[in-house]
Amino acid sequence: GTSEAVLQVLSGAVPRLFHSDSCFSTSDSIYASKFRLKCSRRRASRYLQFLKCSSVLQYGVRGIGSGVPNKKADPSSLQICKCQKSESVSGVTTEDGNGAWYVDSAKNLNPINGMVNAPNVLEFQDLQHLKQENEGLKSNSANGTLRDTFHKISVDSIEDEAWDLLRESVVYYCGSPIGTIAAKDPTSSNTLNYDQVFIRDFIPSGIAFLLKGEYDIVRNFILHTLQLQGWEKTMDCHSPGQGLMPASFKVRTVPLDGDDSATEEVLDPDFGEAAIGRVAPVDSGLWWIILLRAYGKCSGDLSVQERVDVQTGIKMILRLCIADGFDMFPTLLVTDGSCMIDRRMGIHGHPLEIQALFYSALICAREMLAPEDGSADLLRALNNRLVALSFHIREYYWVDMKKLNEIYRYKTEEYSYDAVNKFNIYPDQISPWLVEWMPNKGGYLIGNLQPAHMDFRFFSLGNLWSVASGLATMDQSHAILDLIEAKWADLVAGMPLKICYPALEGQEWQIITGSDPKNTPWSYHNAGAWPTLLWQVTVACIKMDRPEIAAKAIEVAEKRISQDKWPEYYDTKRGRFIGKQSRLFQTWSIAGYLVAKLLLADPSKAKILITEEDSELVNAFSCMISANPRRKRGRKNLKQTYIV
């Protein structure tokens with residue numbers, strides 16, 4: 001039985017391996033006689049089905065981008081395909097799955113396509129000798145070598161499965177791919193809006209397709225969602241500002257006017273008027289700009305961002321974000337639930353996640369905006385906002401052990417222009433958990449800052465994207481990664497990564513969430529573990545030249561994420577349970593894992609998402625620190641003249 005099992009491995013008969021498969025039971029000896037020949041053949045046939053070329057889907061693009069750039073497009077013509085629903089057929093090619101296996105000088109098993117290198121092949125006599133010498137392959141060295149091999153096979157099969165699931169989630173509009181649905185869970189009868197294409201959810205899917213060289217789906221997504229930006233959006237007779245991007249959209253097939261026998265496809269967007277809580281998605285437009293830049297850098301196709309309608313779309317988003325208001329802070333003021341945390345979780349005000357995405361979008365937009373007279377004022381306002389925003393976040397959101405001690409000694413009720421405690425923070429706000437939790441080496445950016453209020457919770461996405469975008473300084477970025485390493489048992493544990501830490505519990509949970517039954521302690525947005533955050537972890541670690549942290553997190557996820565059927569999130573303090581209301585086969589959990597693996601395989605590709613610290617901003621930052629705060633007081637020099 002042992003010899004038979006080894007021969008099957010060496011001949012490539014069992015390359016596809018699942019821990020839950022009955023043919024690979026850990027209750028008995030790993031290499032027991034249960035490896036039947038018929039089982040091996042079945043495995044080989046299954047493995048062939050998952051071996052595909054990197055370009056499985058050959059997308060055909062129609063009806064987008066072929067018009068004259070200077071001609072204003074009719075939104076209705078771009079959003080309705082007046083044709084019968086067309087079927088899309090994808091060609092699938094497979095690689096040779098019957099690759100032989102050899103044992104190199106380090107006795108590691110590796111696949112080779114084609115012929116076997118004869119001198120390196122273990123003959124049957126060698127196998128018998130190995131059996132006798134190692135007592136049936138029970139020695140630690142032999143078991144370790146084959147265990148590593150089986151682990152590699154298992155990891156490869158997880159990636160193959162993930163790509164198949166990602167491509168199954170693709171949504172088509174008039175025969176062309178336009179996005180991916182949020183989840184395709186066969187166990188759930190109530191789809192809610194999980195069958196729609198979400199802007200934020202598609203970002204890791206889009207990045208995965210870009211890294212694979214499949215650009216059409218991302219291009220279509222960018223241009224179609226841009227056209228949705230101009231749609232009328234009203235709730236209770238009120239319309240939000242122009243430039244708002246939808247939270248999601250759905251492709252619907254409806255009867256053609258005047259002809260019941262024919263159908264047409266239409267895009268049905270949701271700007272928040274149908275969402276739970278009726279909250280506008282502030283992050284959608286910011287993610288759209290970030291993805292647009294990534295598309296240009298990865299594909300080399302700058303014609304999309306240079307289009308007149310795309311330039312107009314960028315400007316509309318920027319004007320909506322940097323419009324003057326009552327706020328004294330350069331940060332964006334938003335309501336609760338306006339980003340990834342889309343339910344009431346006490347993040348209203350100036351949440352870090354929105355500020356990190358805002359900064360990143362400003363940097364990306366400045367890089368893509370065409371230099372013209374009409375953009376001069378916008379670019380000036382953009383640069384001024386970047387300087388003020390970076391100073392504000394780096395100076396006032398940062399906490400480490402030294403900063404905590406400063407806050408602990410704050411004086412309150414200071415009335416002066418040079419006050420130390422500018423926001424009148426009361427030292428008693430420092431929770432006991434934070435005093436014990438903060439490591440001596442490391443720090444992070446707090447979740448929110450408002451007058452007399454600091455939200456000391458650690459929010460993963462905001463901190464990770466502050467590293468990737470350059471909003472955090474280099475020292476702060478390293479300190480954030482130091483903290484993740486130091487608090488691995490809390491932030492990663494059984495599944496990466498906690499969306500925030502710690503959870504709201506007891507009376508605090510009741511007051512802040514309104515006793516939300518979905519956001520119970522250590523569940524969902526209330527400190528649940530979200531596998532999709534793997535790709536943001538990887539981007540941040542690659543930028544700081546510390547990819548081993550991301551590799552360790554991915555290894556933790558690979559132990560169970562496929563077996564658990566790619567859940568949306570995990571519950572409990574250590575992430576041991578699949579979330580009680582978690583959807584299975586969640587697309588951004590799948591895509592987040594794939595992007596993380598692709599970036600680790602080729603870290604240079606992370607440049608499409610990374611923005612480096614701007615030297616001009618650094619100089620301006622230094623000037624602001626040394627400037628007298630009273631220097632800016634006084635009347636503005638108004639250029640406009642008024643007739644009285």
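Tutor: In this predicted model, strand S11, residues 453-459, is joined to S12 by two bridges, and the two strands run antiparallel. Within that pairing, phenylalanine 458 has tyrosine 501 of S12 as its bridge partner.

These strands belong to an open sheet of four strands, arranged in the order S9-S10-S11-S12 with antiparallel pairing. Strand S9 (398-400) and strand S12 (500-501) each have a single partner strand and therefore stand at the edges, so that one side of each is left without a neighbour in the sheet.

Helices also pack on this sheet. Helix H12, which spans residues 376-397, lies across S9, S11 and strand S10 (443-450), and its direction is at about 110° to that of S10. Helix H13, residues 401-408, packs on the sheet as well, where it touches S9 and S11. The direction of H13 makes about 100° with that of S9.

Helix H19 (residues 534-543) and helix H20 (residues 547-558) have axes that come within 7 Å of each other and cross at roughly 160°. Because of that angle, H19 is roughly antiparallel to H20. The crossing in which H19 passes H20 is left-handed. On the H19 side, the contact is made by Leu534, Val537, Thr538 and Cys541. On the H20 side, Pro547, Ile549, Ala550, Ala553, Ile554 and Ala557 take part. Sorted by class, the residues in this contact of H19 with H20 are nine nonpolar and one polar, with no charged residues.

Helix H19 also holds glutamine 536. Is this residue buried or exposed? Its relative accessibility is 4%, and glutamine 536 therefore counts as buried, the cut-off for that class being under 20%. Once neighbours within four places in sequence are left aside, glutamine 536 is in contact with Trp287, Leu461, Leu464 and Trp465.

The chain as a whole gives the setting for these details. It contains 22 helices and 14 strands. Of its 644 residues, 54% are buried. Among contacts in the chain with a separation of 6 or more, 73% are between residues 24 or more positions apart.

Terms used. Residues numbered from 1 in each chain as written. Predicted model: local features only at pLDDT ≥ 70, side-chain atom pairs only at ≥ 80, totals over all residues. Heavy atoms only, no water. Axes fitted to C-alpha atoms, helices over the stretch in contact; angles between N-to-C directions. Parallel < 35°, antiparallel > 145°, perpendicular 65-115°, else oblique. Left-handed = near helix turned anticlockwise from the far one by under 90°. Contact = heavy atoms within 4.5 Å. Nonpolar A, V, L, I, M, F, W, Y, C, P; charged D, E, K, R; others polar. Pairing = 2+ DSSP bridges. Buried < 20%, exposed > 50% of the residue type's maximum accessible area, 1.4 Å probe, protein only.
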